Amino acid sequence: MTKLFWNVLKVSPVIFAATFFAANSTLAGETKEQVTTVAQLSQEESNSFGQVTSVSQFSDVQPTDWAFQALQSLVERYGCIAGYPNGTYRGNRALTRYEFAAGLNACLDRVNELIATATADLVTKQDLATLQRLQEEFSAELATLRGRVDGLEARTSELEANQFSTTTKLVGEAIFNVSDAFGDQRAGGADLNSNTVFSDRVRLSLESSFTGKDKLQVRLQAGNIVQNNTVTGTNMTRLGYEADTGNGVEIDKINYAFNLSDAIRVKIDANNAEFFENTNVFNPDFRSSGSGALSRYGRFSPIYRQGAGGAGVTVTFNPNDALSLTGAYLAPRSSNPNDGFGVFDGDYAAFGQIAFQPSKAFNIGLTYAHTYDGGRDPDLTVAGNPNDINLTGSTGSAFAARPFGNGVATSANHYGIEATFQPSSKLTVGGWVGYTTAKSEAGATRGSDADLFFWAATVGLKDFGREGNLLGLIFGQSPRVTSNDIAGREDPDTSYHAEALYKVKLTDNIAVTPGVLVIFNPEHNDANDTIYIGTLRTTFTF
């Protein structure tokens, strides 16, 4: 018993260190006048407010005190320190021999109690013999396991010594695309002459976190997937993952997102900002360019493409609640300091959305955006550019993109309703409807108005045929000019967008998606023949 007692004390030398020194005095310095009588000691003990359970209960003990750790151990680990009724410890007062004896005795009693508790159920010699026999029996396995642990430690040390970064991870995506367009004529009446193409798009995203709740993204992109509207004559046939940099690498995204508070999430985009990257678009199965819809229009409502391409800020209130609010401002030409450009003097898009999810199955959003496009390209020496005005994000007809003509400054109000319904984990039904009122802000058409309308419905069947697969159907009407004060710039008929795809998940990192896109009455003109786009997209993620 004595040997075990001293072993305990060797493990916990703080008991003696604190007992002798916590009062910041030494016994050697005591005089006979300082000796407290038994009656005085009894009186002192009667003033004690009893055992404490935490050192924080002492109002006069601070973490900076030299004996704080020793006192904390005696209080919280061994439970043998008491204080005074006023909540103080009085660590700087002189220590009498009687007080030392009483304190030491209390700690020894407590240690004896702990020893008794710890040794109440000691192992027997039979138990030790059994353990020894098991150790001998499994000595080979134990040696193998020890070797594996040593090898793992060595590999871990090597990784830590040569890791890319302690704050940054690399996320990659590569797309191989095979596609072709079919039909008798392209939109406009000329023959549709198209060849099968094989192209690619690669994205490397460096994502850094400095607090665990923030993210700095720097994304690199290269690709040679050419816009197929040059062949079909309409933006309605465009794919959702196009990128043509001649396979030259460019910095595609730079942004930083962080929590201003538990209820406020902020994202700042330095370039190529897009609303659909920053908020809920209510189309979870099809929003991704690499694994979602094959077409540009099928990914989400065109309202989320307003103001794309510049810098801006997005703020979301209550991002994790059933009711959330998002506000954003984007300036597509924010980096140009010349008159008519910049953050506040040029093109802009102001965005607001209320998202409401009363249950896990149903989610709905009300969206509004106000935009202004000055109709000037800062890279040109003259005003005007045929592709400068774009109210629909290149998803509808040419009239819908530029209702008042090429390069005419245009302001617009965009309204949208989006919804998603998931009656089961394997079925998602969604859709959107949108309406735009546009106004000419320059030239002879100043003050003219035009209205645009669009809608779509989507169905996604998860785990169709195999776990991880997705069967998708999309049908709708891309943006169409329903009325226009400018004669001859109103779409005469209605186009319909039909899309079917089947994503096959080969592995956790490889997916193959064959699909077909059909555009009836391209450019909202029934004089145009139906156009078919066949595509096979293979996506690698890492």
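## Salt bridges

Asp 449 and Lys 439 join their side chains in a salt bridge, 2.9 Å from N to O. Here a salt bridge means a side-chain nitrogen of Lys or Arg within 4 Å of a carboxyl oxygen of Asp or Glu. The pair links distant parts of the chain, 10 residues apart: Asp 449 is in strand 15 (residues 449-462) and Lys 439 in strand 14. Strands (E, at least two residues) and helices (H or I, at least four) are DSSP runs, numbered from the N terminus. Asp 449 is partly exposed at 34% relative accessibility, and Lys 439 is partly exposed at 33%. Buried means under 20% relative accessible area, exposed means over 50%, and partly exposed is in between (1.4 Å probe, protein chains only).

The structure holds 9 salt bridges. One of them joins Asp 347 to Arg 333, at 2.4 Å from N to O. Both residues lie in the loop between strand 10 and strand 11, so the pair ties together parts that are 14 residues apart in sequence. Asp 347 is buried, with a relative accessible area of 5%, and Arg 333 is buried too, at 15%. Glu 242 and Arg 238 form another salt bridge, with their closest N and O atoms 2.7 Å apart; both residues are buried. Arg 219, Asp 252 and Glu 277 are linked in a network of salt bridges.

## Basis of the model

This is a predicted model, in which local features need pLDDT of at least 70 and side-chain atom pairs count only at pLDDT 80 or more, while totals for chains, interfaces and linings use all residues. Residues are numbered from 1 along each chain as its sequence is written, and side-chain values use heavy atoms, with hydrogens and water left out.

## Nonpolar patch

A nonpolar surface patch covers about 1,000 Å². Among its residues are Phe 317, Leu 323, Ile 354, Tyr 368, Tyr 415, Val 433 and Phe 453. Patch residues have over 30% relative accessible area and no salt bridge; nonpolar side chains (Val, Leu, Ile, Met, Phe, Trp, Tyr) are joined within 5 Å, and like charges within 9 Å. Accessible areas come from the Shrake-Rupley method with a 1.4 Å probe, and for residues only the protein chains shown count as cover.

At least two patch residues come from each of strand 10 (323-331), strand 11 (348-356), strand 12 (362-373), strand 13 (410-424) and strand 14 (427-440). Leu 323 lies in strand 10.

## Helix 4 and positive phi angles

Helix 4 (residues 68-78) has as its buried residues Phe 68, Ala 70, Leu 71, Ser 73, Leu 74, Val 75 and Tyr 78. Gly 79 follows the helix and has a positive phi, near 65°.

Most residues other than glycine have a negative phi. Asn 318 is not a glycine, yet its phi is positive, about 55°. Asn 318 lies in the loop between strand 9 (311-317) and strand 10, and at 31% relative accessibility it is partly exposed. Glu 523, also not a glycine, has a positive phi of about 60°. Glu 523 is in the loop between strand 18 (510-520) and strand 19 (531-541), and it counts as buried at 17% relative accessibility.
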